[in-house]
Amino acid sequence: MAHHVTSPGTAQKARKGGGATGAGWRSSARVRLAGTDGGDKGHVVYKPSLTDRLGGKKRLRDIAIAAFAVIIGVSMMLPSLSLIFASPGPKTPASSSTPTSDPSDASGASSAPASMSDVDATYGATTDSLKSKLEAATSDSDKLACHLGLGDDYAAWAAAARGFAKDDAGKAHVADLYGQAIDHYRQYLSLNDSDAVKVKVAQCQLGNNDVNAAIDLLEQVAKDAPDYAPAWVYLGVSYAAGGDLTKATNSFKKAEETDPNDEYGAKTLAQKYEAYLASKSGPSGSAGSDDGAGGSPSSPAPGGTLLDKLNSSAGTAAQ
């Protein structure tokens, strides 16, 4: 059986002949089926067009308007969504693949820990899980992810534990946690060089009051990657913790210059640190005695170290 589709001219005539009825414009989609033996008369059947299937022109117009409204609504929501999911503070690209979870999720608790035991229980669960993954890892990519995740978790564990380290045993525990974080970061670096992870190592050294080691490392990172703004931010923090506010301020200004669009969040963080130091600096350009930066970096000032106060004033944790 041969299939003959009506020509555009025929369709035009059919539309004109249909008058005001719906059958008139629908005839443009007619298909004539002719018998092959010539004995049967051909029939005319309707083949619905897309407009027919959607319920006519008015219905099609309503659908188009609704779709346009949805697109506009979603586009207006995007800026708000980006703010909701944005992460504050300097960005560290190397941490994007870290297989870690919020320790509060692991314990099922939403409140802050009330003791060193609570901190240890919360973070211990996440590190134990990652240790198991690391033991089973066979590829470098899996090992990298586990080492980075463990470094981040141990660093966060140490930062949380510092608030409960009231005696020598507690301080030794915090130092051990920072040490384990540094060890995993260095194992990561043995497999993959990363300025972001080097900055993480320096942050842990600062947390352990090893200011000179942090300065040495960050000066080298800033030399090798002068455009990497987070290195300048934490180099400034290290200088401030060592009592040199002039170098600290210069480093913060360098961070602002190298991150003009705040891509890493370094510009904002540096400005907050700089403002805090400006409010606390004495006539000689050194920190006031109440901040604990003028003496030994390992001797905390009342109310916390300068690093703690810097982080508190900036509204973000160094770790």
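The following conversation concerns a predicted model of one protein.

Biologist: How many helices and strands does the protein have?

Modeller: In this predicted model, the protein has 14 helices and three strands.

Biologist: What share of the residues counts as buried?

Modeller: Of the 319 residues, 35% count as buried. The accessible surface of the protein is about 17,600 Å², and carbon and sulfur atoms account for 54% of that area.

Biologist: And among contacts between residues at least 6 apart in sequence, what percentage joins residues at least 24 apart?

Modeller: The figure is 55%.

Biologist: Let us turn to helix 6 and helix 7. At what angle do they pack?

Modeller: Helix 6, residues 116–136, packs with helix 7, residues 140–162, at an angle of about 175°. The two axes are 9 Å apart. Helix 6 and helix 7 are therefore roughly antiparallel to each other.

Biologist: Why give both an angle and a distance?

Modeller: Two packed helices are described by the angle between their axes and by the distance between those axes.

Biologist: Now helix 8. How many residues does it have, and how far does it reach?

Modeller: Helix 8 runs over residues 168–191 and has 24 residues. From its first C-alpha to its last it reaches 35 Å, close to the 34 Å expected at 1.5 Å a residue.

Biologist: Which of the residues in helix 8 are buried?

Modeller: They are G170, V174, L177, Y178, A181, I182, H184, Y185 and Y188.

Biologist: Why might residues three or four places apart point the same way?

Modeller: An α-helix has 3.6 residues a turn, so residues at that spacing point the same way.

Biologist: What about A175: where does it lie?

Modeller: A175 is in helix 8. Its relative accessibility is 31%, so A175 counts as partly exposed. The C-alpha atoms of A175 and C204 are separated by 9.3 Å, with the two residues 29 apart along the chain.

Biologist: Which phi value does N209 have?

Modeller: N209 has a positive phi of about 65°, although it is not a glycine. Most residues other than glycine have a negative phi. N209 is found in the loop between helix 9 and helix 10, residues 211–224, and at 27% relative accessibility it counts as partly exposed.

Biologist: And what is the phi of D262?

Modeller: The phi of D262 is near 60°, again positive in a residue other than glycine. D262 is in the loop between helix 12 and helix 13, and it is partly exposed, with a relative accessible area of 26%.

Biologist: Finally, which residues of helix 12 are buried, and what covers them?

Modeller: In helix 12, residues 245–258, the buried residues are L245, A248, S251, F252, A255, E256 and T258. Their cover includes helix 11, residues 229–241, and helix 13, residues 266–280.

Notes
Residues are numbered from 1 along each chain as its sequence is written. This is a predicted model: local features need pLDDT of at least 70, side-chain atom pairs count only at pLDDT 80 or more; totals for chains, interfaces and linings use all residues. Side-chain values use heavy atoms; hydrogens and water are left out. Axes are lines fitted to C-alpha atoms, for helices over the stretch in contact, and angles run from 0 to 180 degrees between N-to-C directions. Helices (H or I, at least four residues) and strands (E, at least two) are DSSP runs, numbered from the N terminus. Angles under 35 degrees count as roughly parallel, over 145 as roughly antiparallel, 65 to 115 as roughly perpendicular and the rest as oblique. The expected span of a helix is 1.5 Å times one less than its number of residues. Buried means under 20% relative accessible area, exposed over 50%, partly exposed in between (1.4 Å probe, protein chains only). Contact means heavy atoms within 4.5 Å. Accessible areas come from the Shrake-Rupley method with a 1.4 Å probe; for residues, only the protein chains shown count as cover.
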